[in-house]
Amino acid sequence: MKWTTQELAARAGITSRILCRYDSVGLLAPSRVGANGYRSYDPGAAARLQRILLMRRLGTGLPAIVEILADEVDTCDGFRAWTPAGQAPDSDARPD
């Protein structure tokens with residue numbers, strides 16, 4: 001699924017200008033820019049936008065968010081950070 005700038009902005013409750021701003025500071029590039037200049041966003045970009053908006057709601061500034069997300073390779077980085085190499089956690093396990 002792909003969304004236009006207007007569609008993604010409406011779904012996220014923000015303006016299209018905010019999406020353009022996030023692109024200009026390197027936070028959220030469009031997944032594709034068509035020959036007509038229209039930007040589209042895929043589910044990965046939408047998930048990244050959710051993380052950005054959560055950090056903004058928590059009071060994190062744009063420069064700090066850029067730094068936090070700079071090393072992110074994909075959305076599973078946090079999962080890999082606490083999971084032993086090559087192992088998935090037991091889905092029935094409860095924390096002690």
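Residues are called buried under 20% relative accessible area, exposed over 50%, and partly exposed in between (1.4 Å probe, protein chains only). The model is predicted: local features need pLDDT of at least 70, side-chain atom pairs count only at pLDDT 80 or more, and totals for chains, interfaces and linings use all residues. Residues are numbered from 1 along each chain as its sequence is written, and side-chain values use heavy atoms, with hydrogens and water left out.

The protein chain contains five helices and three strands. Both kinds of element are DSSP runs numbered from the N terminus (helices: H or I, at least four residues; strands: E, at least two). Their order along the sequence is β-α-α-β-β-α-α-α. Of the 96 residues in the protein chain, 26% are buried. The accessible surface comes to about 6,900 Å², with areas taken from the Shrake-Rupley method with a 1.4 Å probe; for residues, only the protein chains shown count as cover. Carbon and sulfur atoms hold 54% of that surface. Contact means heavy atoms within 4.5 Å. Among contacts in the protein chain with a separation of 6 or more, 46% join residues 24 or more positions apart.

Helix α1 spans residues 5–12 and includes Thr-5. Its buried residues are Thr-5, Leu-8 and Ala-9. They cover an arc of only 100° around the axis, so they lie on the same side of α1. The arc is that of the directions from the helix axis to the C-beta atoms. An α-helix has 3.6 residues a turn, so residues three or four places apart point the same way. On the other side of α1, Gln-6, Ala-10 and Arg-11 are exposed. Cover for the buried residues of α1 includes β1 (3–4), α2 (16–24), β3 (39–41) and α3 (43–57). Just after α1, Gly-13 adopts a positive phi of about 75°.

Thr-5 counts as buried because its relative accessibility is 13%. Neighbours within four places in sequence aside, Thr-5 is in contact with Ser-16, Leu-19, Arg-39 and Tyr-41.

Arg-39 also takes part in a salt bridge, with the side chain of Asp-23 (2.6 Å, N to O). Asp-23 lies in helix α2 and Arg-39 in strand β3, so the pair ties together parts that are 16 residues apart in sequence. The structure holds one salt bridge, defined as a side-chain nitrogen of Lys or Arg within 4 Å of a carboxyl oxygen of Asp or Glu. Asp-23 is partly exposed, at a relative accessible area of 23%. Arg-39 is partly exposed too, at 27%.
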